[in-house]
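Here is a short report to read beside the sequence and the 3D view. It starts with one working term and then goes through the fold piece by piece.

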Amino acid sequence: MIRGLGDALSAVLLAPCCACCREPLDHPTRGAVCAACWRSLPTQTDPVCQTCGDALPSSRLPAGIPQCTRCRRTPRVISCGRSIGPYDGVLRDILQALKYDRRRSLARPLGALMSAAGREVLVGADFVVPVPLHFFRQYARGFNQAAELASHLGVPVLHALRRARATVTQTDLPEAQRHANVRGAFAARCRIPREAVLVVVDDVSTTGATLDACAHVLLEAGATAVRGLTAARAAARLP
Ligand SMILES: [Zn+2]
Ligand SMILES: [Zn+2]
């Protein structure tokens, strides 16, 4: 009843709108995104690359283990990656609201969707490891969106990485420069428990260069296997 009263009062007094579709929210106390937008989220439909989780065109499925062209061409450091779906439409709007409008309450429902989409990645995992933000960027934003998402996956969080140096945002770079941009950008900040299976968590991945750079450091620091889980995968054109 109190929540209903809160909804009615804030709907009348504040008239908050959905962070995605901008329609007035019927239940503002339930979060910044309306139920219709959550329902309309795109989902990753099979088949996907077994290594990185990218969707594969079913008409051109390779023989053997389903793998995308990029993973066939360049061996990945992460052993398995998954995401809720493509970085597009409502999913992109929700992630931008989380990150740039600082809607931290969106991390919990996003985490639930990531847990469902990333079952294969999370099973048997000992820890989830958020991709760290550089100190200045985290200070400016007030939080690290990857850490917020990681805290809602039902697996203990290990802040095992730190930024060794600031980097240009990956999305601002052409694909060919992304691996070089993040090479040496991360360092281990704690000992990795023996034989640990880790999952690197981030909001968006494009070429997977950041996930691989993090996985490389964690394997060097003693992890047995490193997987990747992101809220979304942005499409990157192959060179
Ligand atoms: Zn909406
Ligand atoms: Zn792949």
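A residue counts as buried if 20 or more other C-beta atoms lie within 10 Å of its own, as exposed if there are 12 or fewer, and as partly exposed in between. The model is predicted. Phe 186 has 24 C-beta neighbours inside 10 Å, so Phe 186 counts as buried.

**The chain as a whole**

The protein chain has 239 residues, and buried residues make up 37% of them. Its secondary structure comes to 10 helices and six strands. Take the contacts between residues at least 6 apart in sequence: 72% of them join residues at least 24 apart.

**Helix H10**

H10 covers residues 209–220. The helix has 12 residues. From first C-alpha to last, H10 reaches 17 Å, close to the 16 Å expected at 1.5 Å a residue. Nine of its 12 residues are buried, so H10 is largely enclosed by the rest of the structure. The buried residues of H10 are Ala 209, Thr 210, Leu 211, Asp 212, Ala 213, Cys 214, Ala 215, Val 217 and Leu 218. Just after H10, Gly 222 takes a positive phi of about 120°.

**H9 against H10**

H9 spans residues 175–182. How do the axes of H9 and H10 lie, and at what angle do they cross? They come within 9 Å and cross at roughly 25°. Angles under 35 degrees count as roughly parallel. H9 and H10 are therefore roughly parallel to each other. H9 passes H10 in a right-handed crossing. H9 brings Arg 178, His 179 and Val 182 to the contact, and H10 brings Ala 209, Thr 210 and Ala 213. By class, the contact has three nonpolar, two polar and one charged residues.

Phe 186 lies in strand S4, which runs over residues 186–188. Beyond four places in sequence, Phe 186 touches Leu 161, Arg 163, Ala 164, Ala 213, Cys 214 and Val 217. Phe 186 and Leu 218 are 32 residues apart in sequence, yet their C-alpha atoms are 9.6 Å apart.

Val 200 sits in strand S5, residues 197–205. With 32 C-beta neighbours inside 10 Å, Val 200 counts as buried. Leaving aside neighbours within four places, its contacts are Ile 78, Val 129, Val 131, Leu 211, Cys 214, Ala 215, Val 226 and Gly 228.

**Two other places**

Gly 111 is found in helix H5. With 21 C-beta neighbours inside 10 Å, Gly 111 counts as buried. Gly 111 touches Leu 149, His 152 and Leu 153, not counting residues up to four places away.

Thr 171 lies in the loop between strand S3 (161–163) and H9. Is Thr 171 buried or exposed? Thr 171 is exposed, with 11 other C-beta atoms within 10 Å.

| Pair | Sequence separation | C-alpha to C-alpha distance |
|---|---|---|
| Phe 186 and Leu 218 | 32 residues | 9.6 Å |
| Thr 171 and Ser 205 | 34 residues | 9.3 Å |
| Val 200 and Leu 229 | 29 residues | 6.2 Å |
| Gly 111 and Ser 151 | 40 residues | 7.8 Å |

**Positive phi in loops**

Which loop holds Arg 22? Arg 22 is in the loop between helix H1 (2–13) and helix H2 (35–39). Its phi is near 70°, a positive value in a residue other than glycine. Arg 22 is exposed, with 9 other C-beta atoms within 10 Å.

Arg 102 is in the loop between helix H4 (89–99) and helix H5 (107–117). Phi of Arg 102 is near 55°, again a positive value in a residue other than glycine. Arg 102 has 13 C-beta neighbours inside 10 Å, so Arg 102 counts as partly exposed.

Notes: Residues numbered from 1 in each chain as written. Chains lettered and ligands numbered in written order. Predicted model: local features only at pLDDT ≥ 70, side-chain atom pairs only at ≥ 80, totals over all residues. Axes fitted to C-alpha atoms, helices over the stretch in contact; angles between N-to-C directions. Helix = DSSP H or I, 4+ residues; strand = E, 2+ residues; numbered from the N terminus. Parallel < 35°, antiparallel > 145°, perpendicular 65-115°, else oblique. Left-handed = near helix turned anticlockwise from the far one by under 90°. Contact = placed C-beta atoms within 7 Å. Nonpolar A, V, L, I, M, F, W, Y, C, P; charged D, E, K, R; others polar. Expected span 1.5 Å × (residues − 1).
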